[in-house]
Amino acid sequence: MPDKARLIPIVRPCMDEREADAARRPILAGWVTQGPEVAAFEREFAAYTGAEYACAVSNCTAALHLALLAVGVRPGDEVITVSHSFIATANSIRYCGATPVFVDIQPRFFNIDPLLIEEAITDRSRAILCVHQMGMPCDLTAILDIARRHSLPVIEDAACAIGSEVLFNGKWERIGKPHGDIACFSFHPRKLITTGDGGMITTSNPEWDKQFRLWRQHGMSTPDTVRHNSKEVIFEDYPALGYNYRMTDIQAAIGREQLKRLPEMIRRRRSLAERYVELLADMRGLELPEEPDWARSNWQSYCVRLPDGCDQIRVMQAMLDGGIATRRAIMCAHREPAYAREPWSCGIAPGDCECPATTCARLSQSERAQDCAIVLPLFHHITDEEQHKVAAALRKACAV
Ligand SMILES: *Cc1c(COP(=O)(O)O)cnc(C)c1O
């Protein structure tokens, strides 16, 4: 058994006394959910991403659910997305009673292949849900061009992509402006900045922003903050079915501190990624992640493709035995039991598809990425010595 205390973890949140002090503020002020800290976090997040509106919610899955509802996704509709993502991406579509239509990825960048989107569009298509996987912006220019031609709204699953940048109309801009219609972020501890759990929705559409605020608090017409500050008695009403997707002020206070650290975090991660290139570029058969011309990644995850013939689980076990945590690359929703038994899961009409349950010829690049790549440790406080250790262990584990 590796010594847990000495294990190099896959990720470790970057937090200290500053976040602990921030959490004291709402606790001692007495307003602990969806109050002034949440409002301030939203303003600061909007300013950082360049968005007109930012609405805080309980997590990114909730954000995706509300984004899909806002653009009109309803039961029976189809939403074009990738299978190659954390399962929450596809789940959010099913929460709306709609069907995910999976498109394969570009193997070099682990993101949706824009050339395959058009053939997946049908008269039931209602939206495109693209993912900036592992923080790497997808090809928004190409995707938005297709979406506009077919009058489809674009939702960006930016769970991992805070602080990543995209070259758009000749200018570098942060993900979340948004470039599509709505972008959704996560503050889970696996992402760059964390509030324990949490999410944010950005948009330029004031009507949708109003909708998000209604839906996140049970569909209640008058927020608590308004009633609290009113000199007159106000009764709220509930004009629409809502949800409890609130963020607490304790989370938001922590998030505001995390946001202040973000520029430094991104500088650090970009230099750690460059260091991996120096340490691993000469390793035969290993494919390092690369940035397309249009993207600057925040390197939320550093995912390498193993040389041909290297067994993924054996390599990961050898590294774990050497005290280094790794993760299998991104999963494929269509291979999970919750999806594989659905007739639509691989996008070919039932009866026309001859693939066994957990493989799909149309998603072969997604499956290959899942089977042949691993994520290496990369976090703010990783030391040069630890990166050396990771690189040495990877070489050893792959040398068969
Ligand atoms: C983490 C993640 C999510 C879910 O985020 P939560 O905040 O945990 O709900 C959704 N999509 C992608 C691509 C993710 O990486």
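The following questions and answers concern a predicted model.

Visitor: Which residue of strand 11 stands opposite Cys184?
Guide: Strand 10 covers residues 182–186, and five of its five residues are buried. Strand 10 pairs with strand 7 (residues 154–157) in the parallel sense over three bridges, and there Cys184 is the bridge partner of Asp157. With strand 11 (residues 199–203), strand 10 pairs in the antiparallel sense over five bridges. In that pairing, the residue opposite Cys184 is Ile201.

Visitor: How much of the accessible area of the ligand does the protein cover?
Guide: Among the 14 residues around the ligand, those that come nearest are Cys60, Thr61, Asp157, Ser186 and Lys191. An N or O atom in the side chain of Thr61 is 2.5 Å from a ligand oxygen atom, and a polar side-chain atom of Ser186 lies 2.7 Å from an oxygen atom of the ligand. For Asp157, a polar side-chain atom lies 2.8 Å from a ligand nitrogen atom. Of the 380 Å² of accessible area that the ligand has on its own, the protein covers 92%.

Visitor: Which strands stand at the edges of the open sheet of three strands?
Guide: The order in this sheet is 9-8-12, with antiparallel pairing. Four bridges join strand 8 (residues 165–168) to strand 9, and in this pairing Phe168 stands opposite Lys171. In the order 9-8-12, each edge strand has a single partner strand, so one side of each is left without a neighbour in the sheet; these are strand 9 (171–174) and strand 12 (295–296).

Visitor: Where does Glu291, the salt-bridge partner of Arg270, lie?
Guide: The closest N and O atoms of Glu291 and Arg270 are 2.8 Å apart. Arg270 is in helix 8 and its partner is 21 residues away in sequence, so the pair ties together separate parts of the chain; Glu291 lies in the loop between helix 8 and strand 12.

Visitor: Is Ser271 buried, partly exposed or exposed?
Guide: Ser271 has its place in helix 8 (residues 249–280), and its side chain reaches the backbone oxygen of Arg268 at 3.1 Å. Buried requires under 20% relative accessible area and exposed over 50%. The relative accessible area of Ser271 is 37%, so this residue is partly exposed.

Visitor: How much accessible area do Ile27, Leu28 and Val32 have together?
Guide: Val32 is found in the loop between helix 1 (17–29) and helix 2 (36–49), and is partly exposed at 38% relative accessible area. With Ile27 and Leu28, Val32 forms a nonpolar patch on the surface, and together their accessible area is about 290 Å².

Notes. Residues numbered from 1 in each chain as written. Predicted model: local features only at pLDDT ≥ 70, side-chain atom pairs only at ≥ 80, totals over all residues. Heavy atoms only, no water. Patch = residues over 30% accessible without salt bridge, like charges linked within 9 Å, V, L, I, M, F, W, Y side chains within 5 Å. Areas by Shrake-Rupley, 256 points an atom, 1.4 Å probe, with all protein chains shown as cover. Salt bridge = Lys/Arg side-chain N within 4 Å of Asp/Glu carboxyl O. Helix = DSSP H or I, 4+ residues; strand = E, 2+ residues; numbered from the N terminus. Buried < 20%, exposed > 50% of the residue type's maximum accessible area, 1.4 Å probe, protein only. Polar contact = N/O pair within 3.5 Å; in protein donor to acceptor, adjacent residues only side chain to side chain. Pairing = 2+ DSSP bridges. Near = heavy atom within 4 Å.
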